[in-house]
Amino acid sequence: MKSALENLLASRGFGPTLAAWQAEAEPDAAFALQLRPGTVSELVPDAEPAENAPGSGGVTSRALQLAAAASGPIAWLDPQDSFDPASAEGAGVALERLLWVRGGAPPAALEAAQLILHAGRFALVVVDFLALPSAALRIPRAAWFRLLRTLERERRASLLVLAPRPLAGSCADQVVACSYQSVAWRGSSYAMFDRARLGFRLVTSRRAPTPAKRPVARVGRVDQEFVA
Amino acid sequence: MSLSTQSATESAVASAVAEDVASDAASRSRGGLQRREASLFIAAWMPVFPLQAAAGGLPQPATIVSARTGPLDLVVAANGAARRAGIHPLMSVSQALGRAATLAVLVRNGEAESQLATRLLAEADHISPRIQAVGPDLALMDFAGLERLHGSAAAAAARLARALGGFTLQTGIAAHPAMALIAAKCGLGEIAAGGEAAALARLPVGLLADLNELTRAFMDAAQVSDVLGLLSRWGIHTMGALAVLPRAQLAARLGPTGVQLQAIARGEALGILQAAGAPDSALERTLAFDPAISDLEVIKLAVSQAAQALTPELDRHDRVVDRCQLALGLENDPRPRLYERSFALPTREASVIAAQLQLALEHQPPARPVYSLALRCGVVHPRRVQARLFAAARPDPAKLPKLVARLGEMFGSERVGSPRLIDSHRRGAFALQPFTLPDELEPPAIAPSSARLALRAFRPPRAVEGSQMRLLRRAGPWRSQGGWWRESGDAQRWAEDEWDAEICLAGESHPAWYRLARDLTTQQYYLLGRYD
């Protein structure tokens, strides 16, 4: 009853919070990060957000969107304990197939990721380092190579790293930067804005360019194309 | 008694029994009752069971098994050579050694006896699905209708004896349970249907006291003992002598118990096989160590052995383990040290069960030497599902519980699990449940073309003052309160106003979207999280 009422209110523009916000990001957009099994991908906030856009880049929203589309169990490693189950469910993530590991230091989170990948058949493992200070993110390169080797052996799971800056170096299959491009402010007491647009910038990719995907997505911009 | 006298006695018993049986049959057929035909039972008995268990078979030299009872070491069992030397149970060991200087003395081993009894039952279970453990040393099998599967009953009994190679086994085959049991204990082999009375005629009447497990459903053991004592005083020492007594007069003097004992002595169908059922809820294995063990690796090995010992029973009854408890008896500590684990996906793999407990032992090793170990496993029926061709892949069932336990050891079990939203007006209320996967994973829903904004929660919420932030935009407030019926200070009680706000915090160059709240009791502002 409660959720039905909330949905009804939301459909009429009376969403109680920013949950009424609709991002125009197309999940299948060519540069909006596509996860490949057996690879490491990174989502980072764009260092140069658009003018009048908030500093947060929409990384978590996009990660939840990818988790909702994963075809199998998902593990969410959350050293800062900032995962919000309500947001995840709102994004379409099936909570009953989500393994949430709260707390721990970054090395412990990577060790847990290694264990989860060894267990096999998890479709997506998300490591959320987004809000951690840089000092805490001094991770030896060997740890990323270990993870990559496990991923390549299992060939089922994707590892998605959310971080303030690229961390995995050459182990990353692709690094995508996110930022809000424009916000349609509403200015009412019911919601701050109607729509926001999320943009993606491909920072680096190990994939070969695919001509069929050249037409840039309806959203986002491509500042740097297919850097090998 | 000469041979001719014996023959005369047997024929007299047979004719007397035949008359009564004929009259019984006539009365039953008149009443419409039919005797069950083609019933067949096999009984398997291990003589001197404690000795066989302790020695791993029946040794030829004079050997006894002793156990401490009060201040004395008493003989519990003795083999044939020892009995021929005049040694019998309940004699003290020092007396026994006085009678046979070369006597070998073994200490009674309860664990070995338990294992041998389990093995006897497991092998019997391979012969028949309906078995009863009449005692640790005696198994009774219903063989009716199994000839096509195993051949004759004698062949099945021989197969059972071969399966328990190294141990001495006596088997008895008869048309009803009590006869099969007597045939096994007395070494009569197979008793043909109708020849029961003649086969039993020369056996001592005291054997009837050994049938308590079969007859307790309709006879009281104390009454049986009283009746047998009375028969002994009357000079009736054999089954044949009891069988020929007139039934009506026997009933008048000894009551129904006397009549029923006579019916057994005449070879009539009495005794009920109570088939062993599957364990209802738990299985248990215990191990004792002398001296106590302090090496963790040895304790882990013992846990593994205990888990493996449960596997045949789980297989036999088609059960799986959904939770287990390990109780370690520690020296100088009256309370056992407990380790408990539950399995999201019930299993019967000994390695999985042992791995869970070994992880727990590594995490919290026992502080003192361990003298006993009890592994208790809760069992349930296995769930069977047929996997769909296009179902999503799922983790290996054997690896998942171990993974969750390992993560629980690393991060704390209360910090690992699957979130569930609680149906509450309190924003963000959730519970963390143990991570399990449904039998089938549905394919993911088609991703929407747009998405909701995600919140990154601050746990605990960050208190802010007006001077620390510059409010650029806001929407709200939305008031929520609940738990007002609880006492002040209860964590379940809340009352707050919430805003979505674009705020530029002091020291930050860019504004961000936050969820802002004001506690209505303290008027303190908090940032509950940041939208991202």
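The legends below describe close-up views of a predicted model. Residues are numbered from 1 along each chain as its sequence is written, and chains are lettered from A in the order in which they are written. Local features need pLDDT of at least 70, side-chain atom pairs count only at pLDDT 80 or more, and totals for chains use all residues.

**View 1. Chain A and its elements.** Chain A holds five helices and eight strands; helices (H or I, at least four residues) and strands (E, at least two) are DSSP runs, numbered from the N terminus. Their order from the N terminus is α-β-β-α-β-α-β-α-β-α-β-β-β. Of its 228 residues, 55% count as buried, that is, under 20% relative accessible area with a 1.4 Å probe, protein chains only.

**View 2. An open sheet in chain B.** Four strands of chain B lie in the order E8-E11-E9-E10 with antiparallel pairing; two strands pair if DSSP finds at least two bridges between them. Strands E8 (282-293) and E10 (337-347) of chain B are at the edges with a single partner strand each, so one side of each has no neighbour in the sheet. From one strand to the next, the twist averages 15°. Angles run from 0 to 180 degrees between N-to-C directions, and axes are lines fitted to C-alpha atoms, for helices over the stretch in contact.

**View 3. The E8-E11 pair and the helices on the sheet.** E8(B) and E11 (residues 370-380) of chain B run antiparallel and are joined by eight bridges. Leu283(B) has Cys377(B) in E11(B) as its bridge partner. Helix H14 (residues 296-317) of chain B lies across E8, E9 (320-330) and E11 of chain B, at about 150° to E8(B). Helix H15 (residues 350-363) of chain B packs on the sheet and touches E9, E10 and E11 of chain B, where contact means heavy atoms within 4.5 Å. The direction of H15(B) makes about 140° with that of E10(B).

**View 4. Two cis peptide bonds in chain B.** The bond from Asp290(B) to Pro291(B) is cis, with omega near 10°, and Pro291(B) sits in strand E8 of chain B. The bond from Arg459(B) to Pro460(B) is also cis, with omega near 0°; Pro460(B) belongs to strand E14 (residues 455-464) of chain B.

**View 5. Leu90(B), a non-glycine residue with positive phi****.** Phi of Leu90(B) is about 75°. Leu90(B) lies in the loop between helix H3 (80-84) and helix H4 (93-99) of chain B. Its relative accessibility is 69%, so Leu90(B) counts as exposed, the term for values over 50%.

Technical notes. Heavy atoms only, no water.
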